[in-house]
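I opened this notebook to record what I looked up in one structure.

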Amino acid sequence: MIKYNKGAVRFVSLSLLTLAFSSCGLYTKYDHDKAIKKANLENIDQSVMRDASKYANTTSEDSFGDVEWQKVFTDPQLQQLIRQGLERNVDIYAAVANVKKLETALSCARLAFLPSVAFAPSGTLSKVLTGDSKGADWSKTYTMPLNASWTLDIFGNILSQKRAAEMNLEMAKDYEQAARSGIICGVANCYYTLLMLDRQMEILNDMEQLTFDTWNMMKLQKELRGAKETSVVSAQAAYLSVKAQKIDMQRQISEVENSLSVLIGQQPQAIGRGKLADQSLPSEFSTGIAINVLANRPDVHAAEMKMANSFYGVETARSKFYPNISISATGAYSNSLGTMVSNPGALLANFVANLAQPIFQNGKLIAGLKVAKIDYEVALRDWEHSVLNAGAEVSNALVEYNTSKEKGDIERQRVEVLTKSVDYTKELFKMGNSSYLEVIQAQSSLLNAEIAQVTDDFNKMQAVVNLYSALGGGRK
């Protein structure tokens with residue numbers, strides 16, 4: 001029959017009740033709004049995204065970053081490359097594996113609230129040896145004990161560690177999303193770079209033919225009109241210069257194709273693609289209100305989760321100053337007694353023996369708390385910096401888009417003017433009213449203007465990609 005020490009039970013109950021009430025309010029859950037105030041972000045407005053109101057809708061709750069990537073990048077070949085990158089990129093594999101690992105760690109942290117139970121059966125054979133050859137019979141005894149131990153999380157040590165594990169998991173999910181966004185935007189940037197280089201190669205092909213024709217014209221002028229040899233040599237040099245630029249352009253194309261191949265998880269090879277002129281990207285944007293940057297950017301949210309993890313690290317360090325209380329019980333079945341053995345007195349003694357209050361730990365507990373608080377402050381400032389940095393990236397992308405658009409319009413006009421200039425100069429040269437140098441200079445100016453126009457168009461497209469990334473695009 002099991003007997004209880006009523007005085008001991010009352011003492012244990014009263015002690016637990018007192019400790020529970022004394023710990024109320026000491027350990028709280030991470031509060032996003034309080035963190036915003038502590039990080040001096042409570043008054044954040046459009047100023048964090050400088051000039052955003054000039055170029056985009058900043059009053060809508062919606063954001064360009066909320067648009068599905070398939071609706072932003074509509075080129076079918078680009079979409080296929082992005083899908084391949086999301087399926088095969090090694091960074092995605094690593095990020096997904098890390099999420100699974102931390103999900104397992106969180107499950108372990110949750111199970112820490114439950115008692116631990118162990119079953120350790122044992123048996124013994126014994127015999128008293130005598131001078132008699134037969135001796136005494138073997139004595140067989142066995143015991144089947146069941147041990148249970150439960151740590152009472154009165155001061156939040158296990159709870160804070162569990163919550164810290166939750167923040168680690170959220171952080172890992174953010175890193176996975178950041179990897180996805182990086183692949184989407186990285187593939188798009190490489191693809192548009194290839195389209196730009198292809199267009200510039202077309203321009204060089206045209207200029208190669210143009211300079212070749214000019215060279216032939218110079219040779220003809222020398223034969224018919226006695227032009228100087230230096231004219232022919234200069235025209236030949238201009239032709240060879242364009243051919244050299246083509247070789248360099250082909251090298252750049254191969255390098256970008258190799259980079260894109262690695263990004264989408266395949267061996268370096270040629271990449272099928274469309275034309276720069278066929279691309280259609282959004283031209284009107286909504287950045288949403290600035291505080292949405294906190295929720296949309298996976299890297300910003302990850303910085304906040306890291307800060308929240310440090311917040312719980314402070315609570316874990318603080319909890320170590322309080323007693324560690326555990327209850328253990330043992331039940332056993334033994335053939336020597338033939339009944340269950342359980343002693344309430346022993347249960348109480350076991351409880352008291354495991355109530356350990358730290359008194360002097362060589363300064364380790366105090367140092368641990370100080371370090372945890374410093375880590376929290378550092379993580380808090382890192383989060384604040386990530387918010388400001390996100391706003392700067394949005395502003396940079398918007399400014400780049402609009403300046404590239406304005407420059408592109410000017411460059412188009414410049415190309416039209418220089419194209420006419422080349423035609424006029426060639427006609428004047430044929431009539432003997434212009435020198436070979438003027439023809440070459442006009443052709444060179446046209447080449448540079450056309451390449452500049454293509455570069456501006458590419459910069460505008462790249463700005464759209466960068467804005468999409470800066471607003472946390474690729475989540476859907």
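**Entry 1. Aromatic pairs.** I noted at the outset that the model is predicted. I then searched the whole structure for aromatic pairs, and the search returned ten. I took up F73 and Y192, which form a tilted pair with 6.4 Å from centre to centre and 50 degrees between the planes. I looked up where the two residues lie: F73 is in the loop between α4 (69-72) and α5 (76-88), and Y192 is in helix α7 (residues 157-225). The pair thus links distant parts of the chain, 119 residues apart. I checked burial as well, and both F73 and Y192 are buried.

**Entry 2. A stacked pair.** I turned to W215 and Y239, an aromatic pair that is stacked, at 5.7 Å centre to centre and 25 degrees between the planes. Because W215 belongs to helix α7 and Y239 to helix α8 (residues 229-263), the pair ties together parts that are 24 residues apart in sequence. I looked up the relative accessible area of W215, which is 15%, so W215 is buried. Y239 has a relative accessibility of 12% and therefore also counts as buried, the cut-off being under 20%. I also recorded that K219 lies over the face of W215, 4.3 Å from the ring centre.

**Entry 3. A ring cluster.** I asked which residues are linked into a cluster by ring pairs. They are F64, F73, Y191, Y192 and Y468.

**Entry 4. I247.** Is I247 buried or exposed? I found I247 in helix α8. Its relative accessibility is 63%, so I247 counts as exposed, for which the cut-off is over 50%. I also looked up the separation of I247 and M201: they are 46 residues apart in sequence, and their C-alpha atoms are 9.6 Å apart in space.

**Entry 5. Helix α12.** After α12 comes G432, which has a positive phi, near 85 degrees.

**Entry 6. The largest pocket.** I looked up the largest pocket, which holds about 300 Å³ of space. Its lining has 17 residues, and L276, A277, D457, K460 and M461 lie nearest the centre. The elements giving two or more residues to this lining are α12 and α13 (436-470). I noted that α13 gives the most, with seven residues. By class, the lining comprises nine nonpolar, four polar and four charged residues.

Methods. Residues are numbered from 1 along each chain as its sequence is written. This is a predicted model: local features need pLDDT of at least 70, side-chain atom pairs count only at pLDDT 80 or more; totals for chains, interfaces and linings use all residues. Side-chain values use heavy atoms; hydrogens and water are left out. Rings of Phe, Tyr and Trp (its six-membered ring) pair if their centres lie within 6.5 Å; planes under 30 degrees apart count as stacked, over 60 as edge-to-face and the rest as tilted. Helices (H or I, at least four residues) and strands (E, at least two) are DSSP runs, numbered from the N terminus. Buried means under 20% relative accessible area, exposed over 50%, partly exposed in between (1.4 Å probe, protein chains only). A charge sits over a ring if NZ of Lys or CZ of Arg is within 6 Å of the ring centre and within 35 degrees of the ring normal. On a 1 Å grid over the protein atoms alone, a cavity is a set of points where a 1.4 Å probe fits but cannot get out, and a pocket is an open set with protein on both sides within 12 Å along at least five of seven lines; lining residues have an atom within 4 Å of a point. Grid points are joined across faces, edges and corners, and a volume is the space filled by probe spheres set on the points. Ala, Val, Leu, Ile, Met, Phe, Trp, Tyr, Cys and Pro count as nonpolar, Asp, Glu, Lys and Arg as charged, and the others, Gly among them, as polar.
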